[in-house]
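Student: Let's go through this model together, and please spell out the terms as we go.

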Amino acid sequence: MIITKDLCKVFRTEEVETSALHDVNLHIQRGEFAAIMGPSGCGKSTLLNIIGLLDNPSNGSYIFNNTDVTKKSEKQRTHFRKGNIGFIFQSFNLIDELTVFENVELPLIYMGLTASKRKAKVNEVLDRMNISHRAKHYPQQLSGGQQQRVAIARAVVTDPNLILADEPTGNLDSSNGTEVMELLKELNHSGTTVVMVTHSVRDSEYADRVIHLFDGKVVSENKHKQIKREPIKEEL
Ligand code: ADP
Ligand code: MG
């Protein structure tokens with residue numbers, strides 16, 4: 001599902017040039033749960049953003065669902081991202097002015113679904129994330145754990161086959177963190193590929209494989225478990 005070949009990323013500003021990723025070669029299978037770990041500044045978020053088509057590599061190629069997306073236009077990459085990929089961030093990134101329901105509904109509005117279809121889908125996902133009793137509340141009225149559950153609902157409402165999570169438990173206490181990790185595990189077990197950046201060894205134990213980055217390079221890959229799930233046919 002995700003193949004990177006000699007992926008490099010250089011950030012250039014007028015004064016400085018930062019080499020954030022060097023020759024990253026990865027192969028993440030459909031249905032896998034992969035964790036990316038490494039010290040602050042080693043390139044984890046940069047890699048996740050490239051995998052999520054939010055950013056482009058400077059060099060190398062990135063094959064997503066059998067297509068070399070580095071050769072695609074911005075418009076085509078946005079089209080690929082929509083519906084295929086859901087993002088979860090450490091800081092939840094909810095819109096304060098919108099209710100829980102409206103936050104989760106937003107991706108479906110972008111996809112052009114009718115109001116009745118949106119309502120049914122949002123309610124289903126809020127139920128699944130055990131947060132439907134808060135549908136009419138605003139993000140600031142919720143605890144951190146609840147906000148992250150809303151953010152997960154927003155990420156999965158379009159039924160993406162890939163979830164990318166950047167330190168999803170970073171702002172949560174231990175019990176809320178466990179709840180979020182259990183939700184990610186459940187999503188993964190129902191067939192969603194998950195790639196997560198984390199600082200937490202405990203969270204990384206949920207993953208099939210831990211990819212260690214250091215200074216923009218993959219320094220090791222440890223498999224926690226044999227991936228036993230049936231490979232699902234690749235599709236666009
Ligand atoms: P991590 O997520 O592992 O903490 P990042 O991927 O955010 O690390 O950053 C990797 C390196 O790239 C850092 O040195 C960071 O300062 C630099 N970097 C990240 N984003 C940008 C950007 N938009 N412009 C310039 N430098 C950046
Ligand atoms: Mg980061």
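Tutor: A word on elements before anything else: helices (H or I, at least four residues) and strands (E, at least two) are DSSP runs, numbered from the N terminus. This is a predicted model, in which local features need pLDDT of at least 70 and side-chain atom pairs count only at pLDDT 80 or more, while totals for chains, interfaces and linings use all residues. Residues are numbered from 1 along each chain as its sequence is written, chains are lettered from A and ligands numbered from 1 in the order in which they are written, and side-chain values use heavy atoms, with hydrogens and water left out.

Student: Okay, where is T192 found?

Tutor: T192 sits in the loop between α6 (174-189) and β8 (193-197).

Student: Is T192 buried or exposed?

Tutor: Its relative accessibility is 10%, so T192 counts as buried, where buried means under 20% relative accessible area, exposed over 50% and partly exposed in between, with a 1.4 Å probe and protein chains only.

Student: And which residues is T192 in contact with?

Tutor: If neighbours within four places in sequence are left aside, T192 is in contact with E32, P160, N161, L162, I163 and L187, contact being heavy atoms within 4.5 Å.

Student: Changing topic: what is the strand order of the open sheet?

Tutor: The open sheet of six strands runs β6-β7-β8-β3-β9-β10, with mixed pairing, and its edge strands are β6 and β10 (217-223), each of which pairs on one side only. Two strands pair if DSSP finds at least two bridges between them.

Student: How many bridges join β6 to β7, and do they run parallel or antiparallel?

Tutor: Strand β7 (residues 162-166) is joined to β6 by five bridges, and the two run parallel; within this pairing, I88 stands opposite A165 in β7.

Student: How many residues of α5 are buried?

Tutor: Twelve of the 13 residues of α5 are buried, so to speak a mostly covered helix, and what covers them includes β6, α3, α4, β7 and α6.

Student: What about α4, which of its residues are buried?

Tutor: In α4 the buried residues are R118, K121, V122, V125 and L126. They cover an arc of only 130° around the axis, which puts them on the same side of α4; the arc is that of the directions from the helix axis to the C-beta atoms. S116, K117 and D127, on the other side of α4, are exposed.

Student: What do those buried residues of α4 pack against?

Tutor: They pack against α3 (100-110) and α5 (144-156). Just after α4, N130 takes a positive phi of about 60°.

Student: Now the rings: how many aromatic pairs are there?

Tutor: The structure holds three aromatic pairs. Rings of Phe, Tyr and Trp (its six-membered ring) pair if their centres lie within 6.5 Å, and planes under 30 degrees apart count as stacked, over 60 as edge-to-face and the rest as tilted. The ring centres of Y62 and F64 are 6.2 Å apart and their planes lie at 50°, so this pair is tilted. For F87 and F89 the centres are 5.3 Å apart and the planes at 5°, so that pair is stacked.

Student: Are F87 and F89 buried or partly exposed?

Tutor: F87 is buried, with a relative accessible area of 13%, whereas F89 is partly exposed at 23%.

Student: Which residues do ring pairs link into a cluster?

Tutor: The cluster linked by ring pairs consists of Y62, F64 and F80; Y62 is buried, with a relative accessible area of 1%, and F64 counts as buried at 0% relative accessibility.
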